[in-house]
Amino acid sequence: MLSALDPLGLPLVTQVVAGKAADDPLYLPAIKQVSQSLPGHGVLYVGDCKMAALSTRAYVQAPGDYYLCPLANTQLPEASLDAYLQPVWNGERSLLAVHRATAEGEDEVLAEGYEQGIELRSEVEGQSVTWTERRLVVRSLKQAKSATAALHARLGNAQAALTHLRIHKQGKPVYRDVDSLQQAAQAILKAHRVQGLIRLQIDEQIGERPVRAYGTHPAEVRVERSFHLHSEVDQAAVSAATRRLGWRVYVTNHPEQTLTLEQAVLAYREEYLVERGFGRLKGKPLSLSPMYVHSDQRATGLIHLLSLALRILTILEGRCRQRLADQHESLPGLYAGNPKRTTSRPTAEALLQAFRLIHLSVVTLGQQAHRHLTPLSELQLRILGLLDVSPIIYGRLGAESPQPP
């Protein structure tokens, strides 16, 4: 479990926990450890919906810190969400647009929403805590669009499966009563998560077929029953489901004067910084792979050691990006095959990759050793300059290294 400093993404706390442990109770120990490493209070903790337990929010509120997290479906059922959205659907609530500048400098509308306050009360270590919580009812436009497309795709797939259900051919089960056919159709709706969005109708047709006498069997009129399944998309139900898509309720106790709705949405969207740290730990940069060791102490030690390397990568990257931003410049030469391409936000991995071709060669002639160090390129000198590292230090590697690599 990582606690990272925004916006740098620098890990402040690394905790090793059992994989079988639930997430909810892990936040309090991490928050306690973060508070011990930072001076004072007034810290904003941004987390996912597992951090939204009332006891965790109350614990953050008690000493004067702040939280920002979305409510889970278990904490905000669909009926409660509808109650928040009803004023929007009725036109009684105006929505505030959330803007963000794109990499090309254009203005992009990410989301829209409104907020309202609610009074909360809980207990922390035997003490009663009361506070006003802001509830931010926000709709992500891209999420709503993609979720709507996914819903219509599921409806189309369900309709195709229902049509296939009506086709009789060898090897397929034959439904001889209404209940079995109804159960098969409902199973399809459930599998595609479109229950209540498609209306089903089963028609029973009864026919008589004369059968000629054969052998000892007399001629007779045989009664045959057939069942026909009809399905139709309930457009009203689909419209009602579509207008709920993309909506989420965030909660925070941070004052509106210092954290507006727009700032809160943008702050939560930066939560990927923690996931990026996990990606580096488990990916190629640090390669924390599954460990088959008998000692938990060794596994914990390795994770803490790699977390130090993660801090180095984060600081290296953050320092270069900050210097480039301060100088209003970008860095060319990091992309293989495209030397003219520039970036103002280089990754630590790309910066280190720029030094991959340096070598220290040692040639011994008689009693004398000659060392040759690969000269630094303009790109490498520029990177060292961004890090405030003197090239003289690099030059000393060839002259003063008692055990060259």
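Trainee: Over how many bridges do strand 6 and strand 7 pair, and in what sense?
Mentor: They pair over 14 bridges in the antiparallel sense. Strands here are DSSP runs of E, at least two residues, and helices are runs of H or I, at least four, numbered from the N terminus. Two strands count as paired if DSSP finds at least two bridges between them. Before we go on, this is a predicted model: local features need pLDDT of at least 70, side-chain atom pairs count only at pLDDT 80 or more, and totals for chains, interfaces and linings use all residues. Residues are numbered from 1 along each chain as its sequence is written, and side-chain values use heavy atoms, with hydrogens and water left out.
Trainee: Which residue is the bridge partner of Glu 112 in strand 7?
Mentor: Arg 139 is. Strand 7 covers residues 127-140, and strand 6 covers residues 107-124.
Trainee: What sits in the turn between strand 6 and strand 7?
Mentor: The two strands form a hairpin with two residues between them, and Glu 125 in that turn has a positive phi of about 55°. Most residues other than glycine have a negative phi.
Trainee: What about strand 5, how many bridges join it to strand 6?
Mentor: Six, and strand 5 (residues 96-101) runs antiparallel to strand 6. His 99 stands opposite Val 109 of strand 6.
Trainee: Let's go to the start of the chain. How many bridges join strand 1 to strand 2?
Mentor: Four, again with the strands antiparallel. Leu 2 stands opposite Thr 14 in strand 2. In this hairpin four residues lie between the strands, and Gly 9 takes a positive phi near 85°.
Trainee: And is the peptide bond from Asp 6 to Pro 7 cis or trans?
Mentor: It is cis, with omega near 5°. Pro 7 is in the loop between strand 1 and strand 2.
Trainee: Is strand 2 mostly covered or open?
Mentor: Mostly covered: four of the five residues in strand 2 (residues 10-14) are buried. Buried means under 20% relative accessible area, exposed means over 50%, and partly exposed is in between, using a 1.4 Å probe and protein chains only.
Trainee: Where is Arg 193, and is it buried or exposed?
Mentor: Arg 193 is in the loop between helix 5 (178-191) and strand 8 (198-211). Its relative accessible area is 55%, so it counts as exposed. Arg 193 also has a positive phi of about 55°, although it is not a glycine.
Trainee: What is the phi of His 328 near?
Mentor: Near 55°, a positive value in a residue other than glycine. His 328 lies in the loop between helix 9 and strand 11 (331-332), and its relative accessible area of 74% makes it exposed.
Trainee: Where is Leu 302 found?
Mentor: In helix 9 (residues 296-327). Leu 302 counts as partly exposed because its relative accessibility is 33%.
Trainee: Zooming out, how many helices and strands does the chain have?
Mentor: Twelve helices and 14 strands. The C-alpha trace spans about 120 × 65 × 50 Å along its principal axes, and 34% of the 405 residues are buried.
Trainee: What share of the contacts join residues at least 24 apart?
Mentor: Among contacts between residues at least 6 apart in sequence, 59% do. A contact means heavy atoms within 4.5 Å.
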